[in-house]
Amino acid sequence: MCSKITKHIPHIIGLVSLGYFTLLCAPNMTWLNTDCDGTIYLRSAKYFVLSHSTGAPCLNLLNYLVVRIPLGTEFWRLAMVSVIASSITAVLLYLIAKRYTNVLWKQLLAPAIWLGSGLVVSQSTIVETYALVTLAMTLAYYLHLVGHNKLKYLACALGLGIHHLIGFVLIPLIISDYFDRKSLKPALLSLIGIAFYVYIPLANRAPYVWIGGSTLNDYFVYFTNATGLLGGLAILPPHDLIIRLGDFGLITCGGFGIALILVVYGLMKEFKARSYLLPSLFLLPLIYYLTDFASQTYVYCLPSFAFGALLAIKHEFPMLKQYIPKLALVTCCALIVFNVHLYDIGRTLDPNLTGQQFYNQLGEVPEDALIFGRGWQVCWLYNDDHNTSIETMTSKFIVLEDKEKAIRVAKLKDFRDRDKLYRTFVTDLETQEVMIEKWTPSNEAIEYAINETKYMDERKQ
Amino acid sequence: MKKVLLTLLIPASLTVAYFASKINTGAWELTRWDVHVLSNMTALYFGTLMLTGAAGGLIASRQKTKKRKVVVNASTLAVVLLLANVLGRFMPFLGYIGQ
């Protein structure tokens, strides 16, 4: 009887996770959980066009099929890809934990840490790449443990078609295989992932919003134009560094809860045993975020929660052996309940669905207007949905060259003179509600708006 | 007693999780767009200094006498400080550091 139940534990974990994430899943367009990319991927799925660099071809091809399933809203269908991916990751964590310990409740601690983490929940209920790439990473590690050398690199190939985060598993696995004197030939299988990128020229067509055109140079720029994604965190003056350390502490302590004690202990034990694979899988995404210029890359820490959960259960904790892991399990359960309150998109979080609200507001804007501010991703989707040509413009994130600045100023003045200029402003930072209003600025106000390196206009709260 | 104190970590974890949710949902993200922005050049600047320091440290670790180690370490420190000063006066670092 007992073995019968044990046999079904992975299914139960999968179903519980699926129910949990589905409950919290975004019912329609939202900007919460930094899901500004959601509409980009939705547009790519619906119209077979490019998403932002580096393209996420594997995800977009999958989305292309999923968005055509007549169930719920289009956005929800794509968000369910993240839901399913994270649910499978929970099952994989349990299966890996089973290899590390025979104690059932300890085996359950690994998926519980995953489900209890706020960051995991926030990224598993929206349209994004991170849940899927974390699944590919966890799968590669699982296959590494069970000795499927070829399959693990095929999992990496899948990840290569989703997000560059896969490098944080692929490279350590290759190094690990090298030191274990295993053949590195199977690693070549990961290059299959490059084949997904055939999608890029196929989906590249006018209007070119993410890419300049279809020349080789355009493709080169497309793949290399990401700014602020490699180091560059300002440390002098230390204002940014202090904020980052604070954020980092909150995300890790708030995500792991008491299990963080076990994670740190596991990390130390691994280092002592000169076993560096699991620690590097855990630490690399964290170090990436800690040193990265762009604050929104906290979402890149997602794989660290999967591998951290494994570190937490891999070694027996010496002090209060049973008590601390059990306490960690109870905390994770409490966090899961807490998350239902904190992260339920459409109910407790973003009840008005701000993204969808913005989309609906676009109906009141003339079809050849220019909107200054945020929401360009939603505008592009709206244009394709309604065959309109609403233009968008935002002040550039870091630095704007004088020539480009002059072009933008001239364009804004032109649209103002034609009475077709609109702008956006945030009315509530908590819900990120954005309103569109008609804008008739003075020349000075236009100069100010263009020179301002902020996202919003002067009405920013 | 230990157990009681450890149990208090549960409400503490939930409190931290609440504040972490402000980051996770992106609600705090918008307020951070106007933080003081430097650039990847900052990483290059400090990377160069750190690599120089590390190279000096490596050379020092290979010295056999204590006296030599101290001399190499002191020289490295001097070179790093000099480099920090000199590099800080050149483009592309000028204007980024200390703004």
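Trainee: What should I know about the model before reading it?

Mentor: Residues are numbered from 1 along each chain as its sequence is written, and chains are lettered from A. In this predicted model local features need pLDDT of at least 70, side-chain atom pairs count only at pLDDT 80 or more, and side-chain values use heavy atoms.

Trainee: How many aromatic pairs are there over all chains?

Mentor: Rings of Phe, Tyr and Trp (its six-membered ring) pair if their centres lie within 6.5 Å; planes under 30 degrees apart are stacked, over 60 edge-to-face, the rest tilted. The count here is 19. Take A:Phe48 and A:Tyr64: their ring centres are 5.5 Å apart and their planes stand at 75 degrees, so the pair is edge-to-face.

Trainee: What are the centre distance and plane angle for A:Tyr141 and A:Phe307?

Mentor: The centres lie 5.7 Å apart and the planes are at 85 degrees, so this pair is edge-to-face.

Trainee: Are A:Tyr141 and A:Phe307 buried or exposed?

Mentor: Buried means under 20% relative accessible area, exposed over 50%, partly exposed in between (1.4 Å probe, protein chains only). A:Tyr141 has 3% relative accessibility and counts as buried. A:Phe307, at 0%, is buried. A:Tyr64 has 30% and counts as partly exposed.

Trainee: Which residue has its charged end over the ring of A:Tyr64?

Mentor: A charge sits over a ring if NZ of Lys or CZ of Arg is within 6 Å of the ring centre and within 35 degrees of the ring normal. For A:Tyr64 the residue is A:Arg68, 3.9 Å from the ring centre. A:Arg418 lies over the face of A:Phe415, at 4.5 Å from the centre of that ring.
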